[in-house]
Amino acid sequence: MGRTLVTERLNNSLTVLDNRTGKVFTIPIVDNSIPATAFKAMTASMASEERAENETEKGLRVADGGFLNTAVIRSQITFIDGEAGSEYNRGYPIEQLALHSTHLETAYLLIYGALPTVPQFEIFSKEVMHHGVTHADAELFFRSFRYDAHPMAILTSAFAYLGSYCSEANPSLQGQNIFTKGDEASLARMDKQIYRLIGKATTLAAMAYRVRQGREFVTPPTNLSYTGSFLYQMDHMSEENYVPNPILEKALDVLFLLHADHELNASATTVLQTGSSLVDPYSAIAAGCASLYGPLHGGANEAVIRMLITIGKPENVPAFIEAVKKREKVLSGFGHRVYKTSDPRSFIVRKTADEVFNITGKDELLETAMALHEAAMKDKYFIERRLAPNVDFCGLIYRAMGFPLDFFPVLFAVPRVVGWLAHWRQASIIEQLYGNKSLIVTFFQMMLQEGGVKIWRPRQIYIGAGKREYVPIGGRVAVEGPKVTPSVVVHSGITKRTNLATFKGKAAAKL
Ligand SMILES: CC(C)(COP(=O)(O)OP(=O)(O)OC[C@H]1O[C@@H](n2cnc3c(N)ncnc32)[C@H](O)[C@@H]1OP(=O)(O)O)[C@@H](O)C(=O)NCCC(=O)NCCS
């Protein structure tokens, strides 16, 4: 019946025939995408055996666990061509930026959309660098961590902590639309938080570094670059006129620039998801930091080195590769959700590594890394799956520069603050023409989105129990088995001794 409607369809559209009902739906294709909400119109009556929780009468749902093919924003910031192995920041190839630009200049580009002029950059960098100093009480906060705290745990907490000093930038306290109005005052408020967060990211990271070394904190210096100031804040003790090595300063700047943004990776998505509740930007950045910490994302640069240390020497590479193929081990630093041929950043990392190794000497793990690279690149398993080295071999540079292993994800998170904020601030352009009609496209950006922020609330497919009546405790039949009952855990230390002790209300227990 619905077939006749096919002739009416516009060229750039998708025609869907719902076999349950015979109805035909024409869905506009905009920028090679279809709105998932269009499927909500595809309702059907419940089949007799169907579960009510399927909500079939409320329309079809689109299932995409892991976001394998779901676009959640329209963005103008970064484009990655996974097949060609290229990355463009606001249209500029990453190689050109790495060669000619700096991290702070690229930050301006990512956030505001154009490369800055001299006066524009002067204002921006002055604002960012001026915000490096923290409240004196921050010292107490950093000193409250245990000596062996992972610096990412410290940094993640530190961003949330920082927000507690900025009540004027908290929508929960000052009004929900303080960032979304788009007027001059709201833009200025938003940009001030951006300056603060970028400016203080290095300070917080350096404090996380120093507290574990048992060092006093230093005031951020003046007249050094962003990464120069960062190195100073980590390394300066009591030397007069301390200036970090310019080659290391430049290498770190290039690595920062490479890490500044990478479109909708896990942490950027987390920042946007968190930010969509209109929480303050400090909390959103803390959430992004937590997401980045994982070994499949920003934690991979640390995981690469731990992996190389485990392999130990080039002779052990073949056995390791075999273990990876049997899925007993993970080859960190290889593979990417988007890049399927090569990661353009990995070539810049190699060049930067040569420059750093020239003055620091080669890292002892380099030969193992090269052997691993060579073995994986010619192995059928990796070729078939199109797995190539990603940016995370930069861990070798960080190691050569003398950073502790667990600090590597911090060296990723600090520059990524820029990308997170660029996405958090991004303005929407929703004007779209479909045929001769103007179409409202339901993709979302963040704070400067036309019409206000839409909270990110995905759907689920509920497969759990249907409605049932509460049973009082005495009348229940035990449900037992792995994964469906709380695990039995091993107690040690003080808990073990306390379990064996007797005290009022408790007899001695058997372990
Ligand atoms: C980055 C990463 C999470 C991307 O994951 P993804 O897009 O979901 O890729 P998939 O898990 O679908 O991988 C496809 C196949 O390649 C395999 N694969 C992917 N990365 C692999 C790796 N590093 N080592 C071994 N096998 C790998 C998967 O097991 C899968 O094999 P299968 O089809 O036989 O099941 C993944 O490549 C990975 O874990 N890499 C190591 C961690 C890392 O370096 N992360 C930093 C990324 S910048």
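Which residues in α2 meet which residues in α3? I began the notebook with this pair, keeping in mind that the model is predicted, that local features need pLDDT of at least 70 and side-chain atom pairs pLDDT 80 or more, while totals for chains, interfaces and linings use all residues. Residues are numbered from 1 along each chain as its sequence is written, and side-chain values use heavy atoms, with hydrogens and water left out.

**Entry: α2 and α3.** I found that Leu 104, Glu 105, Ala 107, Tyr 108 and Tyr 112 of α2 meet Gln 120, Phe 121, Phe 124, Ser 125, Val 128 and Met 129 of α3, where contact means heavy atoms within 4.5 Å. The residues of this contact divide into 8 nonpolar, 2 polar and 1 charged. I then looked up the axes of α2 (residues 103-112) and α3 (residues 118-130), which come within 10 Å and cross at roughly 105°, so the two helices are roughly perpendicular to each other (65 to 115 degrees).

**Entry: His 259.** I located His 259 in helix α9, residues 246-259, and noted that it counts as buried because its relative accessibility is 0% (buried means under 20% relative accessible area, 1.4 Å probe, protein chains only). Leaving aside residues up to four places away in sequence, His 259 touches Val 391, Cys 394, Tyr 398, Phe 412, Pro 415 and Arg 416.

**Entry: cysteines.** I looked for disulfides (a pair of cysteine sulfur atoms within 2.5 Å) and the structure holds 0. Cys 394, which is buried at 0% relative accessible area, has its closest cysteine sulfur in Cys 289, 16 Å away and therefore too far for a bond. The sulfur of Cys 166 likewise lies 16 Å from its closest cysteine sulfur, in Cys 289, too far for a bond, and Cys 166 counts as buried at 4% relative accessibility.

Definitions and conventions:
Helices (H or I, at least four residues) and strands (E, at least two) are DSSP runs, numbered from the N terminus. Buried means under 20% relative accessible area, exposed over 50%, partly exposed in between (1.4 Å probe, protein chains only). Axes are lines fitted to C-alpha atoms, for helices over the stretch in contact, and angles run from 0 to 180 degrees between N-to-C directions. Angles under 35 degrees count as roughly parallel, over 145 as roughly antiparallel, 65 to 115 as roughly perpendicular and the rest as oblique. Ala, Val, Leu, Ile, Met, Phe, Trp, Tyr, Cys and Pro count as nonpolar, Asp, Glu, Lys and Arg as charged, and the others, Gly among them, as polar.
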